[in-house]
Amino acid sequence: MLLIGVLWIWFSRAPSGGLSQSGVSTPRKGFQAPDFSLVDANGSMIRLSDLRGQPVVINLWASWCQPCRAEMPALQRVYAEYQSQGLVLLGVNATNQDDAAAARAFTEELGLTFPILYDSQGAVAKLYALRALPTTFFIDRAGVIREVVIGGPMSEALLRIRIQQLIERPFEGMP
Amino acid sequence: MLPILQIGPLAIQFPGLILLIGVWLGLSLAEKFAPQRQVSPNHIYNLVFTALIAGVIGARLAYILRYPQAFIPSPLSALSLNPGLLDPLGGAAAGILASMVYGQRKKLPLWAVLDSLTPFLAVLAIAINLSNFASGAGFGAPTHVPWGIELWDAKRHPTQIYESLAAAGILLILWPGRPHLQSWAAGRYFLIFLASSSLARLFLEAFRGESILLPGGIRLAQVVAWLVLAFCLFQLQRLSR
């Protein structure tokens, strides 16, 4: 039995290219982050694929969502700390299920300095299979999702650790 | 896949709920059959509870020790409910250590306790795989088999279902109420369960789409499963002498 086991381990080993899922685009850890473009509060178009080469955190939120509101100050503090190291933080407001005016008022009240994008058609929510707010995606320099945190509020320590891991991860270029 | 169960305004993490139900059902089953092995159901309950509490605390402490600098600016994060701040190996070590201390203090017979815990572990194995199915974790490799499921942008082997069925089959074959199991030597029941589970993992890991790989593309889980299987067979041989 043990000998058959050894043969099976050898026979079923992974192909030479490994088991990388990074060529497939889907909102799951280990896969390529689905591309999208949205307009920010200043009217500038931001496209995710243009940010390749930089670690990116995408936080999907709504102004009525209490855990989203609770974790926003920590996101701002961490962004201020890591922005100089190339971190891009995108706050994607689920505008199709929020009030745009309330969302703007909230971001001004907190003095958020990272880009806030307005997903008015719910396209990003659909693309990222949004099931609960907030949901946060940690994406490495190659555009691969390294962590998904569903729900909140996230602790500041978790944010720091995940961002530090993204920054320290070597950039292997396009998959 | 059903990661979130939405009940009105309440968003429940369904994979976590499945695990909780698994712990409850498994513990109930283990407590019911523990007296057959001259182990008090209370000891089984306390042992599992002690291991779980120590496991969670140990997992958090190990995580803080791994990343102390992240907790200095926000020390209250140490009390966060976020499961992402847990170290699984640290948790397992703390859980095992705490249950060993409990067992030593109560002078519990090791093999009889492991036999009594087997139904709990068997139900937990089913729950873990169903939980993976709900969250989309432990997914399969792309395939063209007719029973493949659409997951993560491809038709894949339903590995979580394969593993759930294997775990359910093992529980059914080793159902604790079977009369002939009572005559087995202490430890045999647990070792046969562990050997069967390792064999299932050794076989089914090959269909997974994500595995930790060793050099040469060898899957780590298969190597661990093979070692556990070898240990169990060796111990079973010793028992039968």
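This dialogue walks through a few features of a predicted model.

Visitor: Let me begin with chain B: how many helices and strands does it have, and in what order do the elements run?

Guide: Chain B holds eight helices and six strands. Read from the N terminus, its elements follow the order β-β-α-α-α-α-α-β-β-α-α-β-β-α.

Visitor: What does the radius of gyration say about chain B?

Guide: The general idea is to set the value beside the one for a compact globule with that number of residues; for 241 residues this would be near 18 Å, and chain B, at 20 Å, agrees with it. The C-alpha trace of chain B spans about 50 × 50 × 45 Å along its principal axes, and 37% of the 241 residues of the chain are buried. Of the contacts in chain B with a separation of 6 or more, 68% are between residues 24 or more positions apart.

Visitor: Where is Leu117(A) found, and with which residues is it in contact?

Guide: Leu117(A) is found in strand 7 of chain A, residues 116-118. Leaving aside neighbours within four places in sequence, its contacts include Leu38(A), Val39(A), Ile46(A), Leu90(A) and Val92(A). Met45(A), 72 residues apart from Leu117(A) in sequence, is 9.0 Å apart from it in space, C-alpha to C-alpha.

Visitor: What sheet does strand 7 of chain A belong to, and which strands stand at its edges?

Guide: In chain A, five strands form an open sheet in the order 7-6-5-8-9, with mixed pairing. Strand 7 and strand 9 (145-150) stand at the edges, each with a single partner strand, so one side of each has no neighbour in the sheet. Direction ignored, neighbouring strands of this sheet are turned by 20° against each other on average.

Visitor: In what sense do strand 5 and strand 8 of chain A pair, and which helix packs on the sheet?

Guide: Strand 5 (residues 56-61) and strand 8 (residues 135-139) of chain A pair in the antiparallel sense over five bridges, and Leu60(A) stands opposite Thr135(A) of strand 8. Helix 5 of chain A, residues 156-168, packs on the sheet and touches strand 5, strand 8 and strand 9 of that chain, its direction making about 165° with that of strand 9.

Note on methods
Residues are numbered from 1 along each chain as its sequence is written. Chains are lettered from A and ligands numbered from 1 in the order in which they are written. This is a predicted model: local features need pLDDT of at least 70, side-chain atom pairs count only at pLDDT 80 or more; totals for chains, interfaces and linings use all residues. Helices (H or I, at least four residues) and strands (E, at least two) are DSSP runs, numbered from the N terminus. The radius of gyration is taken over C-alpha atoms; the globule rule is 2.2 Å times the number of residues to the power 0.38. A residue is buried if 20 or more other C-beta atoms lie within 10 Å of its own, exposed if 12 or fewer, and partly exposed in between; C-beta atoms are placed from the backbone. Two residues are in contact if their C-beta atoms, placed from the backbone, lie within 7 Å. Two strands pair if DSSP finds at least two bridges between them. Axes are lines fitted to C-alpha atoms, for helices over the stretch in contact, and angles run from 0 to 180 degrees between N-to-C directions.
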